[in-house]
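Hi,

Here is the structure I promised to pass on to you. Have a look at it first, and then read my notes below.

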Amino acid sequence: MNSVLRVTPSLSFGSRRSLYILERNIMAYKRQWPVFVSGFFEPLFYLLSLGIGLNSLVGHLDVGGQSVSYAAFVAPGMLATSSMNGGVIDSIYNVFFKLKVSHVYEPVLSTPLDVNDVALGEVWWSLTRGALYATSFIICMALLGDAGSPWVILCLPGAVLTSFAFACVGLAACTYMRSWQDFDTVTLVTLPLFLFSATFFPLSLYPTWLASIVIFSPLYQSATLLRGLSLGSFSWVMLVHVAYLFVMGLVGLSVAARRFQRILAP
Amino acid sequence: MHARQLTKDFGTFRAVNGISFDIPRGESFGFLGPNGAGKTSTMRMVSAVARPTSGELSIFGLDPHHDGPAIRARLGVVPQEDTLELELTVLDNLLMFGRYFDLSRSVVRERAKELLEFAKLTERANDKCDNLSGGMKRRLTIARSLLNQPELLILDEPTTGLDPQARHLLWERLYRLKSDGVTLVITTHYMDEAEQLCDRLVVMDHGDIVAEGAPRALITQHSTREVLELRFPSDVTTPPVDMLAPLAERLEVLPDRVLLYVHDGDDTLRAVHAAGVTPVSALVRRSTLEDVFLRLTGRTLVD
Amino acid sequence: MTLLATKGTSTRFRPTWWRAVLYEAEFYSKTWRASVISSFLFPILYLSAMGLGVGHLVSAHTGLIEGHTYSHFIAPGLLAITAMQLSVGECMWPVLASIKWVRTYHAAVATPLEPDDLVDGKVLWLAGRLFVTTAVYAVIITCFGATTSWTALFLPFIGALIAVAFAAPLMAFSSRVESDVTFTMLFRFAIVPMLLFSATFYPVSQYPVGIRWMVQLMPLYHGVALCRAAAFGSGSLLAIATHAAVLIVMTVVGLFFGRRNLRRRLVD
């Protein structure tokens, strides 16, 4: 077990070999580059629609004493949503396909890679994609004037952390899917998260009872973190958001690894 | 490789029931058995993928539980089903698989070229795997298992789906590997294959090993030297078993014929005629591993 | 598949497309649970989040939109979007699966069914399904106070019309598609932009005058406009006729090419 990748000091998980899964995915994805490139247009469409339409209807909002345009308020929330969807959808759909339909991992496990490497490798892949899409999103934000401050650059690591949290949970979730029909459950979770995580309007507009639920939503954690980073208004609470997302990812990953073991090498 | 009391349970179902065997380096060892006998579960354990429920297993003197990656680095595995990446090209399949073994790109490229030659797939190198025929896929899977130049090659029904030409080509390659000192572990349904390839083999049934030995030894031990096959006209519903039984060591009545297990088939045939029994046709042949197999595991379909 | 395979004397009295509709219905009956959620729950969630949340911000800053509160303004448009989305989803991946992966269409045309029946059956089934879905939705938004005229009774018919206006051309498209990558592209560059720019979430007057015509080129815009006209009893007869005409032409042309393409794909 050479060069063990240490996620936390007490826990060694996976190895450097997990990067070969990333390499494999890049190789397999090469043929689909138009799909990949087309993904870069999505933030442009969303931000453009927002800028044309709602921005002037809503006007400026007060965020932590700062007056910001509606587009600047929503854009980080949309980046968080996009990172969530990217992480979850890629994990769930593609990994389900590999796990249960095309059986891609089975020959891999007869090589020095083990189940943890496979799970971790898929996470690397999600993070890579997440980082690329987040970069394009942040560039679009900057171009359309929706970036609150130069600190918007810090949204990149923030978005990657969001991808991590959701990709790991998605990875765990996909092992529980029995057939494609179960995938409707995914939207059943992500859509309410998307609509009720203070992405479109501030937490203060929710009824109190709902607001106290909303703050526990992982997407709320991410959106609030990214909004703070984009506006350059830093606070200690951000560390809580970071910790929340990080722990969520770790829990998802460890569940995923255990489930992978049961499915792939029972 | 040493296995002691190796057991594998799936829930309450016991797939492998405390089997023990030793496979010395350089030997070619076969696992025979009907579907569901526990062969594939055993293969998955000895390829350091699945963990045994209980028992001891050591491969290259290492413990698969702790040294899985190190063991698998020296193993080649041909699974029962072709598990190729259908979306990738033939060449990319090999290149990627070689990378999993920590091999550098240039080394993998070189070996891939050679193995494509071996698998007679050089012309198809840039085709998507999805477009290959069944036999080609099988050949590629076998080529893939040789990328890391394994010391131990595990083949789970390697020639299922291959045409006779490809089968003989593979046997030839396996002989060569064996003479290079590679240990072979093979499961197969084809008895001729087992007789050809295996120095030693075990017959498994319901998770147990029911016989063990060299193919010839097993035949001597569990069958007679020759078999006399007698066919009767289709209107004879009950062949004269009472008259035949005393003539053979063992007798088996099948829907279309009667098998007499004897030392000398020609002698027995004369005795049959002398007893006044007149079959439509008679065939004398040597006992094969198939006779042993069917005797030990029964003729009824398992699944 | 049992329905497709049934041969009996009763078939003489029923047109063959009817069995294609029944087939769709039977398939739906096995998977309806999840789609009930997406058909009813999602628009309601959208309406409450966008309407009440964003609506609050809009009314504080801008006030009424074309004489309506923001949530009332977007409610009819959401109906149009739902009708389009459900119809589009049914006519892409499932159709390619039936042609290429699961090949149920090939099995179907081996029975007395014709490719034309499969197209007609799918389109009619979606019309029926969306009629019911939008009827329920119309009742719900009426409870929210988002319909102000008796003409809202037309909403289910409009929902069905939108469904077929998208289903028919998409059947024609999907019958020619080889890989599902094409669907991803169509989604990204046609469906999603239509959802975003068809003046559902804000009035068309938000666009600069010079590019409004581009919005009017989008089929969904006409669906949204028609729903709004019905919900509020507003709009000139000419405008309403234009919107309806666009959707009807799409249906007719789509059916023509849909039948032709599927026939070529399955039989010729």
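**Cysteines and a chain contact**

Cys168(A) counts as buried, at 0% relative accessibility (buried means under 20% relative accessible area, exposed over 50%, partly exposed in between, with a 1.4 Å probe and protein chains only). This is a predicted model, in which local features need pLDDT of at least 70, side-chain atom pairs count only at pLDDT 80 or more, and totals for chains, interfaces and linings use all residues. Residues are numbered from 1 along each chain as its sequence is written, chains are lettered from A and ligands numbered from 1 in the order in which they are written, and side-chain values use heavy atoms, leaving out hydrogens and water.

Searching the whole structure gives zero disulfides over all chains (a disulfide is a pair of cysteine sulfur atoms within 2.5 Å). For Cys168(A), the nearest cysteine sulfur, in Cys174(A), is 12 Å away. Cys155(A) is also buried, at 0% relative accessible area, and its sulfur lies 14 Å from the closest one, in Cys140(A), which is too far for a bond.

Now to chains A and C. Their contact (heavy atoms within 4.5 Å) takes 32 residues from chain A and 33 residues from chain C. Together they bury about 3,000 Å², 80% of it on carbon and sulfur atoms; buried area is the accessible area (1.4 Å probe) that two parts lose on being put together, summed over both. Phe45(A), Ile52(A) and Leu57(A) supply 21% of what chain A buries against chain C, more than any other three residues.

The rule finds one salt bridge across this interface (a side-chain nitrogen of Lys or Arg within 4 Å of a carboxyl oxygen of Asp or Glu). Glu42(A) and Arg188(C) meet in a salt bridge at 3.1 Å, N to O.

Enjoy exploring!
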